[in-house]
Amino acid sequence: MPSALPLGDPAPSDGLLPAQALEGAAERAFGLYVHIPFCAVRCGYCDFNTYTATELGGGASQDAYAGTAVAEVEFAGRALRASGLPERRLATVFFGGGTPTLLPAADLARILGAAIDTWGLEPGAEVTTEANPDSVTPESLQLLADAGFTRVSFGMQSAVPHVLKVLDRTHTPSRVPQAVQWARDAGLAVSLDLIYGTPGESLLDWRHSLETALSYGPDHISAYALIVEEGTKLATQIRRGEVPGIDDDDHAAKYELADELISAAGLGWYEVSNWARTPEQACRHNLAYWRGDDWWGIGPGAHSHVGGVRWWNVKHPSAYAGRISTGASPAAGRETLDSATREVERVMLEARLVTGLEITGLGGLGDTGRHAVAGLIADGLVEPQQAFKGRLVLTLKGRLLADAVVRRILPD
């Protein structure tokens with residue numbers, strides 16, 4: 001089942017934001033996330049807020065969903081203006097899910113068109129959709145490109161059939177190179193998402209998946225360690241002994257292999273789990289998350305953030321559609337972060353980036369972070385030359401232990 005929403009304060013039905021959200025807004029980038037909650041089947045490892053077509057009806061159905069999402073886009077525009085936020089064009093737009101391309105390309109184009117009408121796009125804006133390789137055609141990808149999409153992220157996950165079977169992934173591996181070529185023919189940049197550490201996946205299996213993905217010449221690769229979430233089918237299978245459990249040493253070996261092969265292919269890491277062929281081809285939408293910029297999340301369960309104010313929509317698509325139909329905010333709750341919490345989150349996120357952290361900037365957390373740097377260098381977790389220049393940048397070993405590095409920086 002999808003994971004639960006966080007606890008928080010009640011969110012106002014008019015969507016208005018407090019004065020804190022206005023501070024420094026003109027200097028922050030603004031983006032839009034659009035959640036498409038539909039999947040052909042629910043993958044056994046997934047706890048995202050997704051539903052199959054037969055589970056939903058009314059304004060939450062696949063046929064009606066574009067209209068519901070457009071209504072929230074228009075609500076968001078009104079709420080931001082009424083809150084006094086400065087007019088900002090969209091720097092990035094990201095359609096995620098679920099499988100956004102289960103909707104007709106015309107519906108995705110309609111939602112994007114509403115966003116452009118509401119805010120406009122910055123010159124060179126990045127507009128991405130996630131996609132299952134089996135859910136696109138040359139025609140649908142061309143329609144998306146014509147509508148303003150610039151990038152597609154294919155959920156490849158693995159090139160090995162028995163690994164895909166454990167993950168309950170339904171696409172045919174041979175379809176991936178076709179989809180990549182169709183996207184390129186449409187003028188879209190291409191990212192491939194991979195998952196490592198699936199029960200039963202050998203190191204040789206993982207090498208095959210990496211080499212296969214790299215043979216397609218992607219502009220960007222994301223490689224994520226499989227996390228077994230409570231309540232998922234996979235968690236139940238592991239608990240019953242039907243498939244082996246997750247091994248941290250196996251994850252580490254596979255991450256090291258990923259970095260070796262992806263780097264050798266000419267892509268550089270810019271975030272612990274992400275590599276891009278050039279700095280310009282890094283996913284700017286995700287960078288906005290890691291850098292604490294502003295974004296509005298459209299759709300059931302979607303999260304938003306503006307100037308330290310964070311809120312999240314009701315989770316079930318039917319409840320979401322019901323709120324939207326009445327003209328009320330679909331937000332289920334929100335929280336206003338204090339300066340100390342924002343600083344902790346900044347360190348946790350920026351430490352994962354190749355640009356790292358400014359060491360003098362750690363003073364806002366007390367002396368703990370600055371005093372920890374020497375030990376981190378000695379343990380081989382941060383780059384010595386970068387540290388001497390005043391920045392804390394993770395080594396390969398540091399990336400494997402990124403959470404532990406952050407714990408050593410932050411005060412007790």
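Predicted model: local features only at pLDDT ≥ 70, side-chain atom pairs only at ≥ 80, totals over all residues.
Which elements do the buried residues of α3 pack against?

1. Residues are numbered from 1 along each chain as its sequence is written, and side-chain values use heavy atoms, with hydrogens and water left out.

2. Some terms come up throughout. Helices (H or I, at least four residues) and strands (E, at least two) are DSSP runs, numbered from the N terminus. Buried means under 20% relative accessible area and exposed means over 50%, with partly exposed in between (1.4 Å probe, protein chains only). Contact means heavy atoms within 4.5 Å.

3. Helix α3 covers residues 138-147. Its buried residues are Ser140, Leu141, Leu144 and Ala145. These residues cover an arc of only 140 degrees around the axis, which puts them on the same side of α3. The arc is that of the directions from the helix axis to the C-beta atoms. Glu139 and Asp146, on the other side of α3, are exposed.

4. To answer the opening question, the buried residues of α3 pack against α2 (105-119), β3 (121-131) and α5. After α3 comes Gly148, whose phi is positive, near 120 degrees.

5. The axes of α3 and helix α5 (residues 175-185) come within 9 Å and cross at roughly 35 degrees. Axes are lines fitted to C-alpha atoms, for helices over the stretch in contact, and angles run from 0 to 180 degrees between N-to-C directions. The crossing of α3 past α5 is right-handed: a crossing has this hand if the near helix is turned clockwise from the far one by less than a right angle, and is left-handed if anticlockwise.

6. Which residues of α3 and α5 meet? From α3 come Pro138, Leu141 and Gln142, and from α5 come Ala179, Trp182, Ala183 and Asp185. The residues of this contact divide into five nonpolar, one polar and one charged. Ala, Val, Leu, Ile, Met, Phe, Trp, Tyr, Cys and Pro count as nonpolar, Asp, Glu, Lys and Arg as charged, and the others, Gly among them, as polar.

7. In α5 the buried residues are Val176, Ala179, Val180, Trp182 and Ala183. Seen down the axis, they fall within an arc of 160 degrees, so they line one face of α5. Their cover includes α3, β4 (151-157) and β5 (189-196). Gly187, which follows α5, has a positive phi, near 90 degrees.

8. Is Ala302 buried or exposed? Ala302 is buried, at 3% relative accessibility. Ala302 lies in the loop between β9 (294-298) and β10 (303-306). Leaving aside neighbours within four places in sequence, Ala302 is in contact with Tyr33, His35, Gly297, Trp311, Trp312 and Asn313.

9. Ala264 in helix α8 (residues 248-264) has 69% relative accessibility. Pro161 in helix α4 (residues 161-167) has a relative accessible area of 56%. The C-alpha atoms of Pro161 and His171, ten residues apart along the chain, are separated by 9.6 Å.

10. The structure holds zero disulfides, a disulfide being a pair of cysteine sulfur atoms within 2.5 Å. Cys39 is buried at 14% relative accessibility, and Cys283 is buried with a relative accessible area of 1%.
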